Structure formats: structure tokens, C-alpha cells
Amino acid sequence: MARAAVSGRLGARLRWQAATLVERREETASAQTLVFDVPGWAGHLAGQHVDVRLTAEDGYSTQRSYSLASAQDADRLELTVQRVPDGEVSPYLIEGLAVGDRIEIRGPVGGWFVWRPEQREPVLLVAGGSGLVPLMAMIRAREAEGSRAPFRLLYSLREPADRLYAPDLERGSAGLDVTYVYTRSAPQGATRPPGRLAPADLVQWGWPPDFEPTVYVCGPTGFVEAAAVQLVAQGHDPGRIRTERFGPSGG
Amino acid sequence: MDAIVPADPYADSYLDGNALAGPLSELFAVDVTAAVSRCAHCGSTGPVALLRVYPRGPGLTARCPDCSGVVLRLVRGPDTAWLDMRGAVRLAVPLAD
């Protein structure tokens, strides 16, 4: 599997760039997708993230890391922001930032938790809550590139109202299987009773280890750890399991 | 700041090495998170992306997922970055081309 460093970066130190908000879309009651225009954006791989820096008039500055939600698309990029109660940055991005406003962005960064279009092996995506964001970028990149790599998504979430990218996932894509794992309440007609992601879910809806899938797991720390331990116990090669966790500092 | 105080102060208090990608991009011309580091404390190896990163102190502290030893510490001041790597015996950096 390709483990190469991100190309096009050698010798060029990353700089902060201005990003202008051009559109916002409501995903759920507490999450929005923000579309930014970044002139001269160098492009990115699915799974990479950017650092966002906000600077107040008095010079106070703070930054957060956000996964890119979109496949590569000229000068545009999309971030999906989940509102963190009492957070410092996410409430501002969701409520304080107006179309036409500018923030600073640095990236793309990260070369390990990425999917590249030249990968042909089966892929299992395991998402916990808003951990879906970088995995959705992989699904979108697969579609944009016309990749035939078989993808399966296991999406763990509390209840139907929390679903991110519902229209996109409902529309689907040939070769992409989507399974929802509801932990608190499932929609009417669901055959699986609500409950945390269990080993049986990974067996039933994932890939057998001998298919040698690459597995990407993203979510809260506890979710990622539990899923990764289960996958290894089921015989998946730890070297094929890529994890990304986000914690309370995401605010 | 965030007001989330878990019952166990250490539960969910760390990120992973992917979070180092941005801060280290200020210092390195390659993506260091894909590099494989060897822990100076226990000798285990693994991608920098799998280190446990504690963002609460001054700067970032990255610990070995196996033995919890400090592998790397990064503090960013207004015009200087301090990088302490005494916990890493080496980095194996994948290079394209």
C-alpha cells in the first residue's frame, strides 16, 4: 500500500492562507458544512485535515484542526463543524461567521490517515458520530475518481436525527455498502436493535480479514480503541488499520 | 475554553499523532505523522500518527501507546518552536520519488 509522503510539499513550508466562507449547509441541528474559497489551494487527499486559526481584534488567537469533508475540487474546500457545547471555536464558526467573512487555514496536513485513488483493495470505513467526516471525503474521492474499489461504511450514531450527509448516503454509489449502527434509537423498521457497535456488527457488515481490506476508523477515542481492538481480535492485520480519534479539545 | 471535565480526568483526554501533522508541518518539509518512530523507553515501533497526544499542557506531549513514555514534545512560542525528541530513538520517514 502506498505509504509515500504527501507529494508537492518538499521544500515548501506550509503557510497560513486566507479562506473566504462562500456557503453554509445545515447537516443536522448541531452540525454544519462550511464551504470555503481558498485561492491557489494546493489540493488534498481524502482523510487529510486543515488547521483553522481565528484571531480576535485584541490579537488573541486560537486554532483547531478540522477534517476536510470534500473531495479535491479546485479552490473550494468543505469542513463539517459539529457544535461543541461551551466550545470556543465551533460556536463561532457556526453562528458568528457570515458568508464573505475570512478565516485563516493551514494545510492540507496528515499523510497517514488518507485514502489514495490508486488503492484497489477493499476498504472498510468505521465511523463514530462526526468521525464520519474524513471517511465521507474518502467516499466522495472514490466517486470523483471513478474508483471501483469496494467500500463498506459502518456508521455508528445515536439516532436518525444525527445523520450527517444523509442525502448523499441515501443516493449511494455502486460498490458502496452503507450500514447504520444506531446506539440509542433506531428508525422504525430497523432490524438491528439499538446498541453500541459490537464485534458481530464488524463481522456481519465488514470484510473478512482474508480479503485484506484497509480499515479506517474515526470517532471519539473510546470508540476508536474499542473498534480497533475488535478488528485485531478478528484477525485483521494491525498494519492495515488506520485510526484517527478526536477528543474534547475539538471545541 | 471547553468545559468538558470527564469523571476520569485521563479518559478521552488525548488525541492521536494525526494531530501533530499541522504543528510539525511548520518545522518539517515532509509529513512526519506517516513516519515510523522507535520509542526510546520500550523500543516499540509504530507510525507517529498512533502516538497519544496530550494537548492540555504548554504545547503538545506525545506518548508511546505501548509504555506511555514521552516520545516527543513540542512547544510553540510566538517566534520559536521547541521540539524535544529525546524519547524517539529514530524516525523512519517514507519519501516519495
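How do the residues of the lining of the largest cavity divide into nonpolar, polar and charged?

Analyst: The lining of the largest cavity is made of six nonpolar, three polar and two charged residues, where Ala, Val, Leu, Ile, Met, Phe, Trp, Tyr, Cys and Pro count as nonpolar, Asp, Glu, Lys and Arg as charged, and the others, including Gly, as polar. The model is a predicted one, in which local features need pLDDT of at least 70 and side-chain atom pairs count only at pLDDT 80 or more, while totals for chains, interfaces and linings use all residues. Residues are numbered from 1 along each chain as its sequence is written, chains are lettered from A and ligands numbered from 1 in the order in which they are written, and side-chain values use heavy atoms, with hydrogens and water left out.

Rolling a probe the size of a water molecule over the atoms shows where empty space is left. A cavity is a set of points, on a 1 Å grid over the protein atoms alone, where a 1.4 Å probe fits but cannot get out, and its lining residues have an atom within 4 Å of a point. A search of the whole structure finds two cavities of 30 Å³ or more, a volume being the space filled by probe spheres set on grid points that are joined across faces, edges and corners.

The largest cavity holds about 50 Å³ of space and has 11 lining residues, with B:Ala21, B:Ser25, B:Val30, B:Asp31 and B:Val32 nearest its centre. Helix α1 of chain B, residues 21-25, gives the most to this lining, with three residues; helices (H or I, at least four residues) and strands (E, at least two) are DSSP runs numbered from the N terminus. Chain B has this one helix together with eight strands, and its elements run β-α-β-β-β-β-β-β-β from the N terminus on. Of the 97 residues in chain B, 41% count as buried, that is, under 20% relative accessible area with a 1.4 Å probe and protein chains only.

One of the residues in the lining, B:Ser25, is also touched by A:Arg106, which leads across to chain A. A:Arg106 belongs to strand β6 (residues 102-109) of chain A, and it counts as buried because its relative accessibility is 2%. Its side chain makes a polar contact with the side chain of A:Asp51 at 2.8 Å, such a contact being a pair of N or O atoms within 3.5 Å, one able to donate a hydrogen and the other to accept it, with residues adjacent in sequence counted only if both atoms are side-chain atoms. From chain B, the backbone oxygen of B:Gly22 lies 3.5 Å from a polar atom of the A:Arg106 side chain. With contact taken as heavy atoms within 4.5 Å, and leaving aside residues up to four places away in sequence, the residues that A:Arg106 touches include A:Trp16, A:Val50, A:Gln63, B:Gly22, B:Pro23 and B:Glu26.

The second largest cavity has a volume of about 30 Å³. Its lining includes A:Gly47, A:His49, A:Trp112, A:Phe113 and A:Glu244, and B:Asn18 is part of it too. By class, this lining has three nonpolar, five polar and one charged residues.

Terms used: 1 Å grid on protein atoms, 1.4 Å probe; cavity = no way out; pocket = protein on both sides within 12 Å on 5 of 7 lines; lining within 4 Å. Buried < 20%, exposed > 50% of the residue type's maximum accessible area, 1.4 Å probe, protein only.
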